Amino acid sequence: MISACTMITNPFTFDYPVYEACYNALQFAKQLVIVDGADDPTECNQLVASLRGPYRDAKIKIVRNFWDPDNPLMEVEQRNLMLKSCNESWIAPFDADEIFHENDFDFLRKFPVKHVNQNLLIMSYKHFYRDYFTIGTGPWWSQFREFMFEKSMGYKYGPVGEKHGPEIC
């Protein structure tokens, strides 16, 4: 029922917790979509192999796509490709440095079934920055974001990374 999706390029080079992020997403999602923009697919292949250990039957879909560093809209294009590649009726996008909390797995898994009249889930979250111990607070840090939405809503990312409904795009 839920496709979790992310985009990565050289995640281990930048020491992102991408394994933990993908592992946690597989705790509630039926499908994991990874858009890989690296020139060398080795890191993404290692990630998927390590995830397939505990999740042999998981539906992990890798979409390989060239990332043009000179294209100012490259991130937007990659994010929209990520959404388009999801097969389930609900989508839970996340960045390679975002980790779903284990206390939320059950709630996220059941949300689409329990709340059939809703098509969007907005939740609060914490920003860690500089290290794993510093939490960003204050008016310049967003406290809420869309965690999941129905694919039928037609969400797309815009030029600065925000999502827009079909009436805007």
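**Entry 1: salt bridges.** Before listing any pair, I noted the rule: a salt bridge is a side-chain nitrogen of Lys or Arg within 4 Å of a carboxyl oxygen of Asp or Glu. I also noted that I am reading a predicted model, in which that rule gives a count of six salt bridges.

I looked up Glu98 and Arg145 to begin with, and found their side chains joined in a salt bridge at 3.2 Å, N to O. This pair links distant parts of the chain, since Glu98 sits in the loop between β4 and α4 while Arg145 belongs to strand β8, 47 residues apart. Is Arg145 buried or exposed? I found Arg145 buried, because its relative accessible area is 13% and the cut-off for buried is under 20%. Glu98, at 22% relative accessibility, counts as partly exposed.

**Entry 2: bridges inside helices.** Next I turned to Arg79 and Glu75, whose side chains meet in a salt bridge of 2.9 Å, N to O. Both residues lie in helix α3, four residues apart, which is about one turn of the helix. Arg79 counts as buried at 9% relative accessibility, whereas Glu75, at 44%, counts as partly exposed.

In helix α4 I found Lys110 and Asp106, again four residues apart and about one turn of the helix from each other. Their closest N and O atoms are 3.1 Å apart, and the two form a salt bridge. Lys110 is partly exposed at 39% relative accessibility, and Asp106 is partly exposed at 39% as well. I then checked for shared partners and found that salt bridges join Glu75, Arg79 and Asp95 into one network.

**Entry 3: the nonpolar cores.** Which residues have the most contacts inside the largest nonpolar core? I listed Cys22, Phe28, Leu32, Ile34, Phe94, Phe100 and Met148, within a core of 29 residues. Among the elements that each supply at least two residues of this core are β1 (2-8), α1 (18-25), β2 (31-36), α2 (42-52) and β8 (144-150). As a general note, nonpolar side chains in soluble globular proteins tend to be buried together.

**Entry 4: the largest pocket.** I looked up the largest pocket and recorded about 860 Å³ of space in it. Of the 28 residues that line this pocket, those closest to its centre are Asp97, Glu98, Ile99, Lys126 and Phe128. The elements giving two or more residues to the lining are β5, β6 (127-128) and β8. Sorted by class, the lining has 14 nonpolar, five polar and nine charged residues.

**Entry 5: Ser89.** Where does Ser89 lie? I placed Ser89 in the loop between α3 (74-84) and β4, and noted that it is partly exposed, with a relative accessible area of 37%. Its C-alpha atom is separated by 7.5 Å from that of Ser3, although the two residues are 86 apart along the chain. Leaving aside neighbours within four places in sequence, Ser89 is in contact with Met1, Phe149, Glu150 and Lys151.

How values were computed:
Residues are numbered from 1 along each chain as its sequence is written. This is a predicted model: local features need pLDDT of at least 70, side-chain atom pairs count only at pLDDT 80 or more; totals for chains, interfaces and linings use all residues. Side-chain values use heavy atoms; hydrogens and water are left out. A nonpolar core is a set of buried Ala, Val, Leu, Ile, Met, Phe, Trp, Tyr and Cys residues joined through side-chain atoms within 4.5 Å. Buried means under 20% relative accessible area, exposed over 50%, partly exposed in between (1.4 Å probe, protein chains only). Contact means heavy atoms within 4.5 Å. On a 1 Å grid over the protein atoms alone, a cavity is a set of points where a 1.4 Å probe fits but cannot get out, and a pocket is an open set with protein on both sides within 12 Å along at least five of seven lines; lining residues have an atom within 4 Å of a point. Grid points are joined across faces, edges and corners, and a volume is the space filled by probe spheres set on the points. Ala, Val, Leu, Ile, Met, Phe, Trp, Tyr, Cys and Pro count as nonpolar, Asp, Glu, Lys and Arg as charged, and the others, Gly among them, as polar.
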